[in-house]
Structure formats: structure tokens, C-alpha cells
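I opened a new notebook page for this chain. My plan is to go through it one topic at a time.

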Amino acid sequence: MFKNILLATDGSDHSRRAIDQTLKMVSPHKEEVHIDLVYVVDGETSKQDVLNYGDSHTATKKRKEKFLDVIQYVESAGVSTKFLLLHGDPAEEMIEYANQENYDCVVIGSRGRNKWQTLILGSVSHKLVKYVQGPVIVVK
């Protein structure tokens, strides 16, 4: 059973499905489970947010507010959670963090790109499967 889970989220429908699937998976033992919700801000998003909100402190505050409903949703299911905000390349940051913290499992939603899009753009979920040192669940 997975008790310490890293769950990638970005506010998309894909990540919402990953959250729902994770909550179903841990449901029988939810009192024993802790989920860390992680959002990684890449350089371009970070720049855009600072331009929109005026400074990095306000941008960080607004990002956290964006995920309050997700945090409340997980907690309402009876699972303890914490929100993590990382900066950098999403795949690299999640891989490094997951491997340092020794999670039982990493869960990520899949965008369902076709082979050509994945070849050109890369795939965060593919990189996690390849480089995280523990189990990774990709939710379609």
C-alpha cells in the first residue's frame, strides 16, 4: 500500500483525473495516507505571473490561492495533504524532489499527446516514469 504519495497537479482536467484516481486508490486506508500535491512553475510561467501580478511575492500568493480548492478537495476526502510549489523545469524538479524525499509512489495525469507531439515536445510523465526511482502511476 502507498502511504506517502507525490501527486503532480497543474489545475488541468488531466491532473484532476489523477487526483480522483489517487483518492479512489487510497480510499480504504485514507487515514494512513499523506499526499503531497506539487506544482512546478516553469520559467515562462513565472515571468508571466510576475508581469501580471507586479512582483514575485504576490505571484506566489496567487499561485497558492489557485490550488486552495484542490487542497480542500483532497482534505474533504479524509486524506492529509500539503501543497508544494517548486520552480524550474517540471520534469527535472519533480524527479529530483521525488528521489530525494523517497515517496512510495508518484502520480501524474497524462495529457494524451500523440506520438509526434511527444517526440517534439517531450513528455513530463514519460520522464518521470524513466527517472523516478520508485513507482510512478500515469493516469490517462
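**Entry 1: burial and ground rules.** I count a residue as buried under 20% relative accessible area, as exposed over 50%, and as partly exposed in between (1.4 Å probe, protein chains only). I am working on a predicted model, where local features need pLDDT of at least 70, side-chain atom pairs count only at pLDDT 80 or more, and totals for chains, interfaces and linings use all residues. I number residues from 1 along each chain as its sequence is written, and side-chain values use heavy atoms, with hydrogens and water left out.

Val-33 counts as buried because its relative accessibility is 3%. I found Val-33 in the loop between α1 and β2. Val-33 and Leu-23 are 10 residues apart in sequence, and their C-alpha atoms are 9.8 Å apart in space. For the whole protein chain, I noted that buried residues make up 37% of the 140 residues.

**Entry 2: the order of elements.** How many helices and strands does the protein chain have? I noted 7 helices and 5 strands. Helices (H or I, at least four residues) and strands (E, at least two) are DSSP runs, numbered from the N terminus. From that end on, the elements run β-α-β-α-α-α-β-α-β-α-α-β.

Entry 3: I went to β1, residues 4-8. This strand is mostly covered, with 4 of its 5 residues buried. Next I looked for pairing; two strands pair if DSSP finds at least two bridges between them. β1 pairs with strand β2 (residues 34-41) in the parallel sense, over 5 bridges. Leu-6 stands opposite Asp-36 in β2. I then followed the chain from β1 through helix α1 (residues 13-26) to β2, and this β-α-β crossover is right-handed. Right-handed means that, with the strands pointing away from the viewer, the path from the first strand over the helix to the second runs clockwise.

β1 also pairs with strand β4 (residues 105-109), in the parallel sense over 3 bridges. Here the bridge partner of Ile-5 is Cys-105 in β4.

**Entry 4: the salt bridge.** I searched for a side-chain nitrogen of Lys or Arg within 4 Å of a carboxyl oxygen of Asp or Glu, which is the rule for a salt bridge. The structure holds 1 salt bridge. Which side chains meet in it? Those of Lys-3 and Glu-32 do, at 3.5 Å from N to O. The pair links distant parts of the chain, 29 residues apart: Lys-3 sits in the segment before β1, and Glu-32 in the loop between α1 and β2. Lys-3 is partly exposed, at 39% relative accessibility. Glu-32 is partly exposed too, at 42%.

**Entry 5: aromatic rings.** Rings of Phe, Tyr and Trp (its six-membered ring) pair if their centres lie within 6.5 Å; planes under 30 degrees apart count as stacked, over 60 as edge-to-face and the rest as tilted. I found 3 aromatic pairs in the structure. Phe-67 and Phe-83 are stacked, at 5.1 Å centre to centre and 25° between the planes. They lie in distant parts of the chain, 16 residues apart: Phe-67 in the loop between α3 (56-66) and α4 (68-76), Phe-83 in strand β3 (residues 80-87). Phe-67 is buried at 1% relative accessibility. Phe-83 is buried at 18%.

Tyr-97 and Tyr-103 form a tilted pair, at 6.1 Å centre to centre and 40° between the planes. Tyr-97 is buried at 16%, and Tyr-103 at 9%. I also noted a cluster, in which ring pairs link Tyr-39, Phe-67 and Phe-83.

**Entry 6: a charge over a ring.** A charge sits over a ring if NZ of Lys or CZ of Arg is within 6 Å of the ring centre and within 35 degrees of the ring normal. Arg-16 lies over the face of Tyr-73, at 4.1 Å from the ring centre.

**Entry 7: two sides of α4.** Which residues of α4 are buried? I listed Val-70, Ile-71 and Val-74. They cover an arc of only 100° around the axis, so they are on the same side of α4. The arc is that of the directions from the helix axis to the C-beta atoms. On the other side of α4, Gln-72 and Ser-76 are exposed.

**Entry 8: a positive phi.** Most residues other than glycine have a negative phi. Asn-102 has a positive value, near 55°. I placed Asn-102 in the loop between α5 (90-101) and β4. Asn-102 is exposed, with a relative accessible area of 61%.
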